[in-house]
Amino acid sequence: DPAPLWKVWDAFGIQQSRLQGWWSGLDPVTTSDANVLATTWIKAGSAMVSVGSWRDDDVSVRLTIDWKALGLDPARTRVRAPAIDGFQEAASWAPDASVTVPGKKGLLLILEQR
């Protein structure tokens, strides 16, 4: 059931955001693993990042974030994974921390100013 995911998209304001996909070569968020890709939706004061893994096993990756492109201050930004039924548990990280991405799955992250 995709409804819980759509609810998070709506709460973020995906309709009012700008998509910057990994395929463009201009994505402001990339990962330390070539088999884990990120796509970013950007809006004033926040960003939503979909991280997808093509690996069979879980993998820990570091995010490389172009803070200027996102218009965010890393000192005032929190990175969180909202709880999404059937998809992911809630979690949060420091902006420079590694995140674990489940094999053949992904994470939906929200970067927002505190």
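Over which ring does the charged end of Lys43 sit? Select Lys43 and Phe12: the charged end of Lys43 lies over the ring of Phe12, 5.1 Å from its centre. (A charge sits over a ring if NZ of Lys or CZ of Arg is within 6 Å of the ring centre and within 35 degrees of the ring normal.)

Before going on, note that this is a predicted model, in which local features need pLDDT of at least 70 and side-chain atom pairs count only at pLDDT 80 or more, while totals for chains, interfaces and linings use all residues. Residues are numbered from 1 along each chain as its sequence is written, and side-chain values use heavy atoms, with hydrogens and water left out.

**The sheet**

Then select β3 and β4, which pair in the antiparallel sense over eight bridges. (Strands, E, at least two residues, and helices, H or I, at least four, are DSSP runs numbered from the N terminus; two strands pair if DSSP finds at least two bridges between them.)

Now show the open sheet of six strands, in the order β1-β3-β4-β9-β6-β7, with antiparallel pairing. At the edges are β1 (18–20) and β7 (91–93); each has a single partner strand, so one side of each is left without a neighbour in the sheet.

Select Thr39, in strand β3. Thr39 counts as buried because its relative accessibility is 9%. (Buried means under 20% relative accessible area, exposed over 50%, partly exposed in between, with a 1.4 Å probe and protein chains only.) Leaving aside neighbours within four places in sequence, its contacts (heavy atoms within 4.5 Å) include Trp22, Trp23, Met48 and Val49.

(Rings of Phe, Tyr and Trp, its six-membered ring, pair if their centres lie within 6.5 Å; planes under 30 degrees apart count as stacked, over 60 as edge-to-face and the rest as tilted.) Trp22 is partly exposed at 45%, whereas Trp23 is exposed at 54%.

**The cores**

Next select Leu70, Val101, Leu109 and Leu111, which have the most contacts inside the largest nonpolar core, a set of 21 residues. (A nonpolar core is a set of buried Ala, Val, Leu, Ile, Met, Phe, Trp, Tyr and Cys residues joined through side-chain atoms within 4.5 Å.) Strand β5 gives the most to this core, with four residues. Finish with Val8, Ile14, Ile84 and Leu108, which are among the eight residues of a second, separate core.
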